[in-house]
Amino acid sequence: MGVKEMFNLARVPSILMLGLVYVTYVLIGGVIFWRLEGELGRKDLTQLLLNKQMLLTTYSCLNQEGLEEVAQVVQRASKAGLSLKYNQTTDGFWKFTSSAVFAATVVTTIGYGNMSPTSTVGQIFCVFFALFGIPLNMVVLSRVGKYMLAVERNLSDFLEGKSRRKGCTRFCVHMFCYICGTLLFFIMPMLVFQQHEGWTFSEAIYYCFITLSTIGFGDFVADNNPDKDYPDWYSVLIASWIFFGMAWLALLINHSIDILERLNAYLKKGCCGGKTQEESSSAEDNSPETQVEDDNDIKKPPKTQ
């Protein structure tokens with residue numbers, strides 16, 4: 001047995017290597033967030049305790065129990081979408097337009113957490129609504145993404161036939177689609193949110209990506225401030241932006257995955273540069289992943305007549 005054969009037997013399966021990279025990436029992100037936000041969070045807690053003490057000192061008639069009751073009232077009002085600044089009655093979160101946006105966040109699995117059903121019937125309906133709505137949303141987004149990809153490929157083929165430069169033309173078409181998508185689903189919504197929500201540039205970009213990637217922390221939510229009077233078309237615009245923006249971002253992520261897979265194949269080809277094509281294919285056939293696929297593809301023997 002040669003050195004190369006021993007190395008092939010001792011090499012780590014790709015799924016274990018991929019899992020190690022995944023866990024390392026998550027841990028590195030946790031350390032960075034801990035260093036960036038941990039100290040700031042401790043300062044915020046200290047400032048909140050000082051503000052609480054000043055509030056109790058200023059309003060001597062308010063004791064600890066009274067302060068907790070006031071905090072509960074404010075928390076419930078905020079969860080219901082009511083403002084305590086003005087003495088007026090509002091519809092809260094559960095208007096028709098806001099309810100439609102909530103339904104969109106359910107089937108898209110964004111789940112901001114700023115509003116949720118509180119009745120038993122509403123909670124049960126939400127379960128079944130999501131049970132059938134999430135697969136439907138995935139199918140529709142997949143079809144829309146494939147349609148966008150087909151338009152992009154048709155445009156590439158048309159321009160390649162005119163210019164006869166395949167690589168350069170396809171790259172330019174990809175960049176043009178990325179730039180148009182960035183303008184349509186990030187820059188323009190950012191300007192709208194800055195005007196109607198009063199957010200900064202970084203907050204608007206942050207909200208756009210967190211929403212379209214379905215992370216949905218809920219710290220920033222559009223059409224959610226009870227102190228603002230939003231136009232009726234605002235909720236419809238947000239729902240349309242979420243749907244088509246998710247389809248475009250899914251297409252962009254699929255392109256990124258394709259680039260990573262090609263890079264992985266190139267690196268494997270570089271590591272196995274001394275092997276012939278038959279040896280590489282036989283090594284791939286003997287890998288644990290291929291063996292699992294082969295076990296799943298085993299057919300039953302034909303029946304004898």
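User: What makes S156 count as buried or exposed?

Analyst: Keep in mind that this is a predicted model. In it, S156 has a relative accessibility of 1%. The cut-off for buried is under 20%, so S156 counts as buried. You'll find S156 in helix α5.

User: Which residues is S156 in contact with, leaving aside its neighbours within four places in sequence?

Analyst: Those would be T169, R170 and V173. A contact here takes heavy atoms within 4.5 Å.

User: And S240, why is that one called partly exposed?

Analyst: Its relative accessibility is 34%. Buried needs under 20% and exposed needs over 50%, so S240, at 34%, counts as partly exposed. S240 lies in helix α8, which covers residues 232–271. In space, the C-alpha atoms of S240 and V101 are 9.5 Å apart, while in sequence the two residues are 139 places apart.

User: What does UniProt list for "transmembrane region"?

Analyst: The unreviewed UniProt entry lists residues 12–34, 93–115, 121–141, 171–192 and 234–253. Take two of those spans in the model. Residues 121–141 are 100% helix and 0% strand, with end C-alpha atoms 29 Å apart. Residues 234–253 are also 100% helix and 0% strand, and there the end C-alpha atoms lie 28 Å apart.

User: Why are α4 and α5 called roughly perpendicular?

Analyst: Look at the crossing angle. The axes of α4 (residues 96–107) and α5 (residues 120–163) cross at roughly 65° and come within 8 Å. Roughly perpendicular covers 65 to 115 degrees, so α4 and α5 get that label.

User: Which residues meet where α4 and α5 come together?

Analyst: From α4 you have A103, V106 and V107, and they meet C126, F129, A130, G133, I134 and N137 of α5. Sorted by class, that contact has seven nonpolar residues, two polar ones and no charged ones.

User: How do you know whether T214 and D223 are buried or partly exposed?

Analyst: Set each value against the cut-offs. T214 has a relative accessible area of 26%, and since that falls between 20% and 50%, T214 is partly exposed. D223 comes in at 13%; buried means under 20%, so D223 counts as buried.

User: What is the chain made of, helices or strands?

Analyst: There are ten helices and zero strands in the protein chain. Of its 305 residues, 23% are buried. And if you take contacts between residues at least 6 apart in sequence, 54% join residues at least 24 apart.

Conventions: Residues numbered from 1 in each chain as written. Predicted model: local features only at pLDDT ≥ 70, side-chain atom pairs only at ≥ 80, totals over all residues. Heavy atoms only, no water. Helix = DSSP H or I, 4+ residues; strand = E, 2+ residues; numbered from the N terminus. Buried < 20%, exposed > 50% of the residue type's maximum accessible area, 1.4 Å probe, protein only. UniProt positions renumbered as here; feature names shortened; annotations may be inferred. Axes fitted to C-alpha atoms, helices over the stretch in contact; angles between N-to-C directions. Parallel < 35°, antiparallel > 145°, perpendicular 65-115°, else oblique. Nonpolar A, V, L, I, M, F, W, Y, C, P; charged D, E, K, R; others polar.
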